[in-house]
Each structure stands twice: as C-alpha cells, then as structure tokens.
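Take a look at the structure below.

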Amino acid sequence: MEINSIIICTVDREPEYIHQTLVRLLFTLKEKKEIYLVVDGSSYKHFAAYKDYCKIYLNKVDGRCDNNVKKAAVNYARCLTLSKNIGGFNLILEDDVLLLPDWQDKLKSIDLEEEKWILSLNNLQNVDSKKDYEEFVITQEIPQRVWCQTFATIYSPKVLEDLSEDMLTFSFYKNLPYDLALGAVFFVKKYPVYELVPSFVEHLGLKSHMTV
Amino acid sequence: MEINSIIICTVDREPDYIHQNLARLLFTLKDKKEIHIVVDGPSYRNYSIYKNFCKIYLNNKVDESLKDHPFKKAKYNYIRCLQLSYHLGGFNLILEDDVLLSSNWHEKIKEIEMPQDEEWILSLNCIQGIESSRGYEEFKSKRNSQGLLVTWCKPFGVIYKPSTLHFTAYSLENYKRDIPHDIIVGGILYESGKKIYECVPTLIEHIGKFSSINKGMVWKTTKDNYGRFDHQCVHPCELYGN
C-alpha cells in the first residue's frame, strides 16, 4: 500500500506536541509526501512556522459544538473528508504521536484485498502474528470492546464515503469521543479493523485536549 | 560553501523550543546532513525521542560550582559545540535551540564563497540589516555616544572557519569575566582583528521568549520573534567594552 499524504488532526494546545510529531514524521519519511495540518481553530499561532511547508486548514467556529468532545469530533470529521477528497490512501495522524522507523516500508508490504477496511498503525491487542497485521474484532457495541485510539489510521476510500457523517451522528447523539464513535460505526457497519503487528506508533500525549 | 553537519546547542528547559527548531530544519534542509545535539545536562529527557536520528552529547560532568553562574555554564556548553565542530572538521552550522531557519538558508549558504585569506565567522543572523549584493556583509563594531563598544552578539546560527573556531574556543575558555558568551565572542573576535560576517537579509529568526541563561528573563524586543524575515534589524548589543 502506498500512501498519498499525511493528514495531522490538531488543535492549539499546551504542550505543543505537534512539533515532536512533525520532527519524527520528517525523520522517518523515506520519500517526500504532502503534509496537511487540519487545525481546530481559526488562527495560525504556532502553526505559522510551517505555512510554507504544509497545507494548513483552519476552522471557523462551529455553532453545533458546545463542548470539546464535539469540537474534536468535528475536526476529525474534517480530516476524514479531506482524505476522501484527496483520494487513495492517506495516513491520518493525531498530533501527539511518534512514528517508529520503517513504518513506511511496513505499509508498502501490506496489501488489503477487501474494498472496505480500516488499518491502524497502533496495536491495541499486543498479539503475535505471522502476518504484518491482525484483525481487531469488535464484538459488542459501546461501551465495551470497541476499537479506539485513532493515533495513526488509514481508511480505505470506500469506507470514507459516508464515514464522517456517520461518526458525527454517533458522537453528537451519545456525546462520544470520536474514536469511540468510529468504533461504534465500524461495529454497526461490520467494517473490518486491522492493526499493524507490532505497533508502529507511540503515543506521546499525557493530556487529552478533549477532557481539559 | 558546503556545510558538513548541524550542531544544536541546547539545555533541558521549558518551553522546548528545540522541537520547532528541528522541524523547521528538516523541512528546509536540501540534502541530508548529520545533526548533533549538544545538551548541557546529564539526562536525555526531551531528546530521547531523537536518539535514533541525531547524535546526542550529554554532559555528565556537572560542575556544581557553576550552579550560580549561568553565564559560565552556558559558555562551557557553547565551547563543547565549538570543540565538536573542530573535531568534525570543515564547516558546520552551530545553532542555538530557539531559532527558526528561513526556507532558503541552505541554498544561500551553498552560494556563498567566503574569503580564503581571512579569519572569519559567518552569522546567519543579521543585526545590521544593510544591503549587500554578496549575500553577506561585514559587521563593523563602533563606539556609541556613551563610549561603549558596540560588538556583535546573538550567535543564533554561526559557521566558523576552522582556524577561527580553534582560536575562539581557546579564548572563550580563558576569558575570566562572567558575562554572556555571545558578547565575549563578539569582543574577542573584534579585538583580534577577525572578521564577523552576517547574512543579508537574515536567514534565521529567534523564537525564544525566555532566556535559558537568565531564568525568567523575557526578551525585550518582539522583533526577535516570528516575522523578522520581512523586517529584520534589531539593535546591536552594547555590553562589551573596557
């Protein structure tokens, strides 16, 4: 699988993990890729330092959002829509993650045959696999055993067709964080979720911007 | 001029400007260069995430007597950077940790041919902001109305000619007064007749709002921060002089 670009979902917050995320991304990228910063906010602030090197999408205040959970869900939905519009496979990264070396080579070795799938670079199950990836089976609807932790994820183009709207519906209806809302959508729609084995991403953020 | 590597002089501090510095460096480098991080401290902490990608030099010999002498402490770390650059050989860019490089700095540096028959340093930062068709201009020290010698300071990003580098490291180490090392460097270079060249327009800007040497000190000029590439020219330092 060859990815077209990297989309980073971010917000102006302290600590500014995004710089470390970007440095590690740049250190580990084997070839040049377009980088998009999808900012939940209307001002460039510290993102201005990257204006000449990334495409930066700011956001106008959304009247529907009365809390940070909904705001974050709307911003992640923007990333999903952007990935759909770019086309092909795009890696959607959260802003507080560190990619491990060779993640790009690992992705190139993977070829998923189905039309609809989700591939996470993060491994929740800690399983051993003879394949490069393992399916995460979602067995029940929320709140138990749903897939979450959208640190670094690739969605197949077919999955992206309606995903942002479906995720927002779940998130707004039950006030769910977007990763849990996505897990619920995958469960209902029976989308297979795959995880890389071993994990190719580490989580850096100690503070959540959704539960400040 | 072709540089061999980049040396970043840093200390574990908040905010961690070094991450932005590195991101911008990686975006603007035109070809791969070795990056060295010289840390004034014994622990990896913030730098551990770069262990596989940069060479990191910790300082395990923490001198307790320097605890109350932040200028000297910073000076010795800067000397470590000078010594490393000398050891690596050729031309190396020594960067402070709280700077952003311009998008074209690497091409500009490649275009510049420095005089071979002089002792010199080349600063990517421009204090004077004068016009130059060469891409760089000499910084000329002068006395101000109070008789103070106005010397070069702010070594945000500097390339030393190797022979000048050796002289600077030796002189800096033996300098006794407890003042910031950037002022000392400007002074010793001026007094020994070495040339200080600055890139015009500036190829670097300063983002640090807090000094690591003088904790709590906030930089007075906002021109040091974002946006200087469009309107550079801050006042030269007026601290050195006997």
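**Chain A as a whole**

Among contacts in chain A between residues at least 6 apart in sequence, 77% join residues at least 24 apart. Two residues are in contact if their C-beta atoms, placed from the backbone, lie within 7 Å. This is a predicted model: local features need pLDDT of at least 70, side-chain atom pairs count only at pLDDT 80 or more, and totals for chains, interfaces and linings use all residues. Residues are numbered from 1 along each chain as its sequence is written, while chains are lettered from A and ligands numbered from 1 in the order in which they are written.

Chain A has five helices and 10 strands. Both are DSSP runs numbered from the N terminus: helices are H or I, at least four residues, and strands are E, at least two. Of the 212 residues in chain A, 43% are buried. Buried means that 20 or more other C-beta atoms, placed from the backbone, lie within 10 Å of the residue's own.

**Helix 5 of chain A**

Nine of the 12 residues of helix 5 are buried, so the rest of the structure largely encloses this helix. Among them are A:Tyr178, A:Leu182 and A:Phe186. The buried residues pack against helix 2 (68-86), strand 6 (118-120), helix 4 (157-174) and strand 9 (193-196) of chain A.

Just after helix 5, A:Lys190 takes a positive phi of about 60°.

**Where the chains touch**

Chain B brings 13 residues to the contact, and chain A brings 13 residues. On the chain B side, helix 1 (residues 17-28) gives the most, with seven residues.
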